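Hi,

Here's the structure I promised to pass on.

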Amino acid sequence: MIFVVYDYLGLAGLKLRTLNYNVFDEFRALLHKDTTITMNMIMKSNTRLYRGSHKTAKHYSKFRCESSAKSSLLAGTMEELQHESWKPLKGIVLCSANYVPLTPISFLDRAALVYSKRISIIYGSIKYTWEETHRRCMKLASALNNFGVSRGDVVATLAPNVPAMLELHFAIPMAGATICPFDIRLDPNMLSTLLNHSKPKILFVDYQLQQIATEAVNLLKNTHSKAPLIIVISEPNYRRPFKHIRKHDYESFLEDGVAEFSIVRPHHECDPISLNYTYGTTSSPEGVICSHRGAYLTSLSSMFIHGMIEMPTYLWTLPMFQCNGWSFTWGLAIVGGTNVCLRSVTPKEIFDNIVIHNVSHYMCGAPTITKATKEAFEGGWNRSGDLPIEHRNGGIQVMDHSNNIVISGGENISMIQVETVIYSHPAVLEVEVVAKPDEHWGQTPCAFVKLKEGVHVDANEIIDYFRDRIPHYMAPMTVIFEDLPRNLSAKVQKFLLKEKAKNLGGTFFLPKTRPS
């Protein structure tokens, strides 16, 4: 382990190599107490540092201190420290035969050799082998390079799970650039904002999303930002109803490249390979960088964790734009797997493809994440906010969450319990219950209800139905019929409902009396 130690007087940098990690804290404490020790240590190599009082202690550890003339408190990158401090053993020559930066690009190179005739992609009647996929990605990377895409550039995508998305996940990094896959559910305003932030040179757009992309680019032009070139991904053998020039079509663009392209490999494995954006559920979306090394290791672990042995058949139900499809976009090449692509993820399409293609792995989904990790794990406990009860047999049942409690007149009311009862009404399709501020009771339950199509009931009927089945004090005093607001990941935006309930003022569907 290499520690960086700074002398108090001259701020001269020292890299400290120790054979005993446990002693470092004691060494650091001594440095803070006595700068003389520091100055004495830099005069020698393999200095012995005594624990506790250096005059009387018998235990010691060995350190080797190396000076660095240019080091300072602010100077020096991680890469410089690594290269300066790491020394190969005598006789070992560091070269491409024993060291290369980790990158998922290597997975495709290997798949083209080991699984050359194995089917890599299935999409309707379209099928490619790994040899053909490798060739297409090389040509696409070449075409990107010819357009001027190089290291440090960003190339964005706006497309569902079609073959082009898999090819672009390899081809863009092979050209030295960073892929930026956008959520296909973005509206023009948000897409324009993310385009302005990421500044891609090219935006590959599925033909069904071209109108949204065009509106977003027009909005971007109003900000005087440089707009990306739009290249349209057409459906195979599909004639689009609008005119386009040849170089703006995906297949034509790809064919302009050459298969003998020299891949632009990363200088360092920590170079960026992907730029993803959060959904912005509670704030504005934020960009997240994934490195070549991170993508490489995640791809390997994903194959291992999901039990993907050699040559599986994977059905793409998980969006490729979501965390790069959990790195499955790159990982399937490791095991020579077959990617079965789905444009529309519907039950019929899923089950039909499972049967037709003998699918072995499918149905990945997005996990629930917790938007305050440090606070949640304070003290070594996962403070999830769940409210459980313990049964006599020792079993634990989670009843609700602390955020879902309405405190009305001193009574705790579970929103989930209220929602469950309202859901049981035959006319109700969806419901969300939030706390509405009340001058008299403190809070009262406020229900936002979406009815089934063609059905009509009023607020009184919903409340009467509720009061017949559960204690009256838990009944909602306000019922609003409307569609529930959702974010891009289809989660109900409860904070908007809370804000709406807060602004309702004195509007009630029932007299302001407490049910008894």
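Asn324 sits in helix α11, residues 323-326 (helices are DSSP runs of H or I with at least four residues, strands are runs of E with at least two, and both are numbered from the N terminus). Asn324 is not a glycine, yet its phi is positive, at about 55 degrees. Its relative accessible area is 2%, so Asn324 is buried (buried means under 20% relative accessible area, exposed over 50%, and partly exposed in between, using a 1.4 Å probe and protein chains only).

Ser327 is another non-glycine with a positive phi, about 70 degrees here. You'll find Ser327 in the loop between α11 and α12 (328-331). With 5% relative accessibility, Ser327 counts as buried.

Before you read on, two words on the basis. This is a predicted model, where local features need pLDDT of at least 70 and side-chain atom pairs count only at pLDDT 80 or more, while totals for chains, interfaces and linings use all residues. Residues are numbered from 1 along each chain as its sequence is written, and side-chain values use heavy atoms, with hydrogens and water left out.

Next, a helix pair. The axes of α7 (residues 188-198) and α8 (residues 210-222) come within 8 Å and cross at roughly 55 degrees; axes here are lines fitted to C-alpha atoms, for helices over the stretch in contact, with angles running from 0 to 180 degrees between N-to-C directions. That makes α7 and α8 oblique to each other (under 35 degrees counts as roughly parallel, over 145 as roughly antiparallel, 65 to 115 as roughly perpendicular, and the rest as oblique). On the α7 side, the residues that meet α8 include Leu191, Leu195 and Asn196, and their partners in α8 include Ile212, Ala216 and Leu220. The residues of this contact between α7 and α8 split into 9 nonpolar, 3 polar and 1 charged (Ala, Val, Leu, Ile, Met, Phe, Trp, Tyr, Cys and Pro count as nonpolar, Asp, Glu, Lys and Arg as charged, and the others, Gly among them, as polar).

Last one: His267, in the loop between α9 (250-255) and β11 (272-277). His267 counts as exposed, at 63% relative accessibility. Setting aside neighbours within four places in sequence, His267 is in contact (heavy atoms within 4.5 Å) with Pro101 and Arg151. Arg151 is 116 residues away along the chain, and the C-alpha atoms of His267 and Arg151 are separated by 9.6 Å.

Cheers
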